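Dear colleague,

Please find below the structure for your review. The findings follow directly after it.

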Amino acid sequence: MCENRPTFITEAQVEELLTWPAVYEASEQALQSICEKRTSDSQPSAKQPPRPFVELERRNGLAFSMLGYIENYRMQSVDQGKVFDTLAHKIVTAFTKNGQLAKPLPVIIATVFLFDTMTGQLKTIVEGNGVTAWRTAGSCMVGTKYLYFDRNEKCKSDKVLGILGCGVQGRIHAIGISTMFPISEIHLWNRSVAKAAELKKELESLAGTFKSKHVKIFIHENVRDCVKTADIIVTATQSTSPILFEDMVKENVHINAVGASKDHHSEIDLKLYRNSKLYVDSWTGGKTELKSLDCPIEAEVGEIITKSKALTQNQRTIFHSLGMAVTDAVVAQIAETLYLKKKSTF
Ligand SMILES: NC(=O)C1=CN([C@@H]2O[C@H](COP(=O)(O)OP(=O)(O)OC[C@H]3O[C@@H](n4cnc5c(N)ncnc54)[C@H](OP(=O)(O)O)[C@@H]3O)[C@@H](O)[C@H]2O)C=CC1
Ligand SMILES: O=C([O-])C1=[NH+]CCC1
């Protein structure tokens, strides 16, 4: 039925095409697009139903599907003046034993399908692990800007970042946040210390590209030491029980909660949740995937961006980035747009 075969964009190409300013800009558009209360006609809008999960118990596998449509959004750093609309479907599989294969594979494998928004035809397939990593960090960067930097506008000094878990997500958050924000120290903790040491080496080699020059990087053998001076924390582990407790963190800290196991809220102790203000990427995700968390949700980050809800100034904040189809859509759209632009110049 398709006249042409879909374009195929590989992980390596995605890595070459994505940039932090573009991912930040796209993520900000996506996070505000899902707010139901529109504050202006130029605001992007979107649709994304809750994601269905299929469990393959006997294979230690899980699959889920993320479908989203976003329209009327702009990405100046990708194509000035263009108004984008994107229909995307990401399929994610998580097979916990992949790392033990003779030829190990990542546990999480994602693929994004982009469709023509005029005809519905499949036009591009984007390998989706890079998209997932960059877009998750993109959402947390936007969360960090609106929930932390905006409430600390007067305090201009460089900030301390704590990363719990140095896998794919911990790595990309350390790089993205230090590239876009003034971070003077990065503190790393990982269950197996060798991985933290590996990431320290990589971050040191990238330090010249970070916003603050002369960033210092430390590794720690326990979580308490890693987070005690942190202004911003990222939790990016698969821990099934809490690793981060209230008595470990500063009063004014901002936490980006990314990881966890089947329960999205398993990394952080309930008392810390209850003594913080909790924000989510989407109400749809929050209401379904944080149903078992006994703590009220304040708002979507998009409601803070569009100012349909106000941010309390003196507070500790947790941003639960559950993962949204429309953030995948916009980041895959960056890759497709820049890929086609590059191709047309040859
Ligand atoms: N919110 C979102 O949108 C997204 C969330 N995720 C979630 O983020 C988490 C990390 O994913 P990713 O970085 O891709 O995975 P990786 O496999 O790359 O890293 C997993 C990390 O979790 C650590 N870990 C595993 N089990 C435990 C435990 N019991 N206690 C403490 N640390 C543990 C690992 O430590 P070690 O090295 O010692 O094994 C490693 O640092 C996952 O839970 C994943 O589902 C992923 C993508 C998007
Ligand atoms: O939103 C997402 O893509 C994911 N959440 C957990 C694993 C991948």
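Helix H3 (129–149) and helix H4 (168–180) each contribute at least two residues to the shell around ligand 1. H4 provides the largest share of that shell, with 3 residues. Please note that this is a predicted model.

In total, 26 residues lie around ligand 1, and those that come nearest are Gly-167, Gln-169, Arg-191, Gly-259 and Gly-323. By residue class, the shell around ligand 1 consists of 15 polar, 9 nonpolar and 2 charged residues. Both domain 1 (7–132 + 326–344) and domain 2 (137–323) are represented, each with at least three residues in the shell around ligand 1.

The second topic is helix H5, which covers residues 193–206. At 1.5 Å a residue, its 14 residues should span 20 Å, and this agrees with the 20 Å that separates its end C-alpha atoms.

Which residues of H5 are buried? They are Ala-196, Leu-199 and Leu-203. Seen down the axis of H5, the buried residues fall within an arc of 65°, so they line one face of the helix. These buried residues pack against H4, strand E9 (183–189) and strand E10 (216–220). On the other side of H5, Ala-194, Lys-201 and Ser-205 are exposed.

With kind regards

Conventions:
Residues are numbered from 1 along each chain as its sequence is written. Chains are lettered from A and ligands numbered from 1 in the order in which they are written. This is a predicted model: local features need pLDDT of at least 70, side-chain atom pairs count only at pLDDT 80 or more; totals for chains, interfaces and linings use all residues. A residue is near a molecule or strand if its C-beta atom, placed from the backbone, lies within 6 Å of it. Helices (H or I, at least four residues) and strands (E, at least two) are DSSP runs, numbered from the N terminus. Ala, Val, Leu, Ile, Met, Phe, Trp, Tyr, Cys and Pro count as nonpolar, Asp, Glu, Lys and Arg as charged, and the others, Gly among them, as polar. Domain bounds come from an automatic or database domain assignment. The expected span of a helix is 1.5 Å times one less than its number of residues. A residue is buried if 20 or more other C-beta atoms lie within 10 Å of its own, exposed if 12 or fewer, and partly exposed in between; C-beta atoms are placed from the backbone. The arc is that of the directions from the helix axis to the C-beta atoms. Two residues are in contact if their C-beta atoms, placed from the backbone, lie within 7 Å.
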